[in-house]
Amino acid sequence: MSELSSAAELLGALSVSSRLTLLANVAERQSRGDDCSLGAVAAAVGRDPKSMVKDAVRLKEVGLVSIEGHTLSADLSVLSAAADAVDAVLPVTGLLSEDPDLERFFKHGRLVKLPENPDFRWRVAQLLVRLLPPDRQLPESEVNDLLGQVHSDYAALRRLLVDLKLVTRAASSDYQRVV
């Protein structure tokens with residue numbers, strides 16, 4: 001199974017609120033050194049231990065929980081591995097590998113801070129424009145979707161690319177990559 005498929009399976013396992021509650025409770029109790037027996041965790045979350053077994057086994061299948069006798073333990077490092085697998089397939093990840101100095105402005109494929117330094121701002125803009133296909137005009141909505149994958153303020157990114165003349169804007173609101 002690929003790392004991305006494993007990440008998807010892990011997220012699927014966590015999409016059930018009772019499992020997420022169970023994992024969070026085990027991790028919290030474990031960090032405090034509290035009793036992580038099935039009975040103690042079940043009492044803490046207000047469930048019958050027998051009804052929790054199925055959730056605990058599912059979490060064990062994806063590597064988030066181990067079960068030794070009647071004691072549970074959480075392994076949250078599996079979540080980091082899943083995040084890394086998702087990061088690896090994001091379009092911006094490959095682009096950042098070509099200019100690793102820019103990685104400090106991104107986290108998990110998302111732009112967290114637009115650099116104030118003009119040189120870095122220019123380099124980030126050159127990276128972002130490469131998310132747009134070079135060979136055709138794009139409607140504003142498509143540009144927003146592509147830039148929105150990197151930052152929630154896609155309008156600011158779109159304006160930056162236009163201001164730096166990396167993208168032209170036609171009167172009809174179509175955008176064209178210049179470089």
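Lysine 165 sits in the loop between helix 9 and strand 6, where helices (H or I, at least four residues) and strands (E, at least two) are DSSP runs numbered from the N terminus. The model is a predicted one, in which local features need pLDDT of at least 70 and side-chain atom pairs count only at pLDDT 80 or more, while totals for chains, interfaces and linings use all residues. Residues are numbered from 1 along each chain as its sequence is written, and side-chain values use heavy atoms, with hydrogens and water left out.

Although lysine 165 is not a glycine, its phi is positive, about 60°. Lysine 165 is exposed, with a relative accessible area of 64%; here buried means under 20% relative accessible area, exposed over 50%, and partly exposed in between (1.4 Å probe, protein chains only). Histidine 108 belongs to the loop between strand 3 (106-107) and strand 4, and is partly exposed at a relative accessible area of 41%.

Helix 9 (residues 154-163) has Ala155, Leu157, Arg158, Leu160 and Leu161 as its buried residues. These buried residues pack against strand 4 (110-111), helix 7, helix 8 (140-148), strand 6 and strand 7, with contact meaning heavy atoms within 4.5 Å.

Between strand 5 and strand 7 (residues 174-177), the antiparallel pairing runs over 2 bridges, and proline 139 has aspartate 174 in strand 7 as its bridge partner.

Next come the helices that pack together. Two packed helices are described by the angle between their axes and the distance between the axes. Axes are lines fitted to C-alpha atoms, for helices over the stretch in contact, and angles run from 0 to 180 degrees between N-to-C directions. Helix 3 (residues 38-45) and helix 4 pack at an angle of about 100°, their axes being 9 Å apart. That makes helix 3 roughly perpendicular to helix 4, on a scale where angles under 35 degrees count as roughly parallel, over 145 as roughly antiparallel, 65 to 115 as roughly perpendicular and the rest as oblique. Leu38, Gly39, Val41, Ala42 and Val45 in helix 3 meet Pro49, Met52 and Val53 in helix 4. By class, this contact has 7 nonpolar, 1 polar and no charged residues.

Charged side chains can be followed through the salt bridges, of which the whole structure holds 12. A salt bridge is a side-chain nitrogen of Lys or Arg within 4 Å of a carboxyl oxygen of Asp or Glu. One of them joins glutamate 9 and arginine 58, with the closest N and O atoms 3.3 Å apart. This pair links distant parts of the chain, as glutamate 9 in helix 1 (residues 3-14) and arginine 58 in helix 4 (residues 49-61) are 49 residues apart. Arginine 58 also meets glutamate 61 in a salt bridge (3.2 Å, N to O); both lie in helix 4, 3 residues apart, about one turn of the helix.

Another salt bridge joins arginine 123 and aspartate 119 (3.5 Å, N to O). Arginine 123 is buried, with a relative accessible area of 18%, whereas aspartate 119 is partly exposed at 42%. A network of salt bridges links Asp99, Asp101, Asp119 and Arg123.

Methods:
Pairing = 2+ DSSP bridges. Nonpolar A, V, L, I, M, F, W, Y, C, P; charged D, E, K, R; others polar.
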